[in-house]
Amino acid sequence: MIVAITGGTGFIGRHLVRRHLALGNEVRYLTRQEPRSELNGAVPFAGHLNSSAASLREFLSGAEVVYHCAAELREEGLMHSTNVEGTANLLEAARGEVKRWVQLSSTGVYGNPRHKDIREDSAIGPVNAYEKSKTAADELISAEAAKSKMEFVILRPSNVYGTDMPNQSLFQMIRMIDKGLFFYIGKIGAIANYIHVENVVDALLLCARASLPANGRIYIVSDHCRLEEFVATVAAALHQPAARVRLPEGLIRRLAAIGSSLGKNPLTQSRIDALTNTTVYRSDRIRSELGYSHRIPMQDGIAELARFWKNGVYSSAESTER
């Protein structure tokens, strides 16, 4: 099987490339960088989402599946041109070339719900530029699915983690727990929504291979537990006592606002939102329709992440001392 992957050098894309290579598939990835040695065996195609349709058709020609994983995450000024216009350009090149399109989206399209159960048909409510660009890209896919012979499926993971993740926010939280500085905010019962990168790859493969009940189907993939359980899992992996301090939400929000006005803002309002929300992203549909299950439960994955962080910190410290 020939698979084409945009974003193949990114966090999720690297894992997806390696998985398909292990399965013996012919793998192509689109890249603006030099070929990555860790992706040896896959075929790099020089280019980007706004390359000419002709060069993108060469990248896609004969592919049974294209995974569209590329997205601009950091530069707000590039998000629309990359995430929306780039998707439209790739769609044009894929017509007549690809059997199935798997779109890597995000639960971010639902915005910032605080206390809800989120399912695939929940109201869309993007807030920031990234979420709005991913929503617009999904709308392009849904519109194309309604009229195209190509098959489409959209996967929306929640917060994706793994030991090689570029986002450092979870590692910062682990560090706070290790130092005994973490504290809970507000009432008991906040929810942590995360999903291990290898579980996301499992879900992507199911989206690529399964007989779908309808073209343009959307799936959420996420795991969750109460924040107290999450913190206890990290603490146990670090051989530290679990956090016990709990402070009023109103007080912490006022202190965060004061810190922001003074230019000192270690705890932002959005971070407070994340540590107090009770929203759960439900994966019932992908379980029932595609037979998905978590190969790496969150407790196991988070414990692995904490041990990785601890070993890295102490290994670096020992190397420095020597």
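Which residue in strand 12 is the bridge partner of Y194? The legend to View 1 has the answer.

This is a predicted model, in which local features need pLDDT of at least 70 and side-chain atom pairs count only at pLDDT 80 or more, while totals for chains, interfaces and linings use all residues. Residues are numbered from 1 along each chain as its sequence is written, and side-chain values use heavy atoms, with hydrogens and water left out.

**View 1. A mixed open sheet has three strands in the order 8-10-12.** The edge strands, each pairing on one side only, are strand 8 (159–161) and strand 12 (223–226). From one strand to the next, the twist averages 40° (axes are lines fitted to C-alpha atoms, and angles run from 0 to 180 degrees between N-to-C directions). Strand 10 (residues 191–196) runs antiparallel to strand 12, and four bridges join them; here Y194 has D223 as its bridge partner. Strands (E, at least two residues) and helices (H or I, at least four) are DSSP runs numbered from the N terminus, and two strands pair if DSSP finds at least two bridges between them.

**View 2. R114 and D273 form a salt bridge, with 3.6 Å between the closest N and O atoms.** R114 sits in the loop between strand 5 (100–104) and strand 6 (117–118) and D273 in helix 9 (residues 269–276), so the pair ties together parts 159 residues apart in sequence. R114 is partly exposed at 22% relative accessibility, whereas D273 is buried at 14%. Buried means under 20% relative accessible area, exposed over 50%, and partly exposed in between (1.4 Å probe, protein chains only). A salt bridge places a side-chain nitrogen of Lys or Arg within 4 Å of a carboxyl oxygen of Asp or Glu; by this rule the count comes to 23.

**View 3. R156 pairs with D138 in a salt bridge, the closest N and O atoms being 3.0 Å apart.** R156 belongs to strand 7 (residues 151–157) and D138 to helix 4 (residues 129–145), 18 residues apart. R156 is buried, with a relative accessible area of 5%, and D138 is buried with 2%.

**View 4. R217 meets E289 in a salt bridge of 2.6 Å, N to O.** The pair links strand 11 (residues 217–221), which holds R217, to helix 10 (residues 284–290), which holds E289, 72 residues apart. R217 is partly exposed at 23% relative accessibility, and E289 is partly exposed with 29%.

**View 5. Salt bridges link R14, R18, E38 and D164 in a network.**
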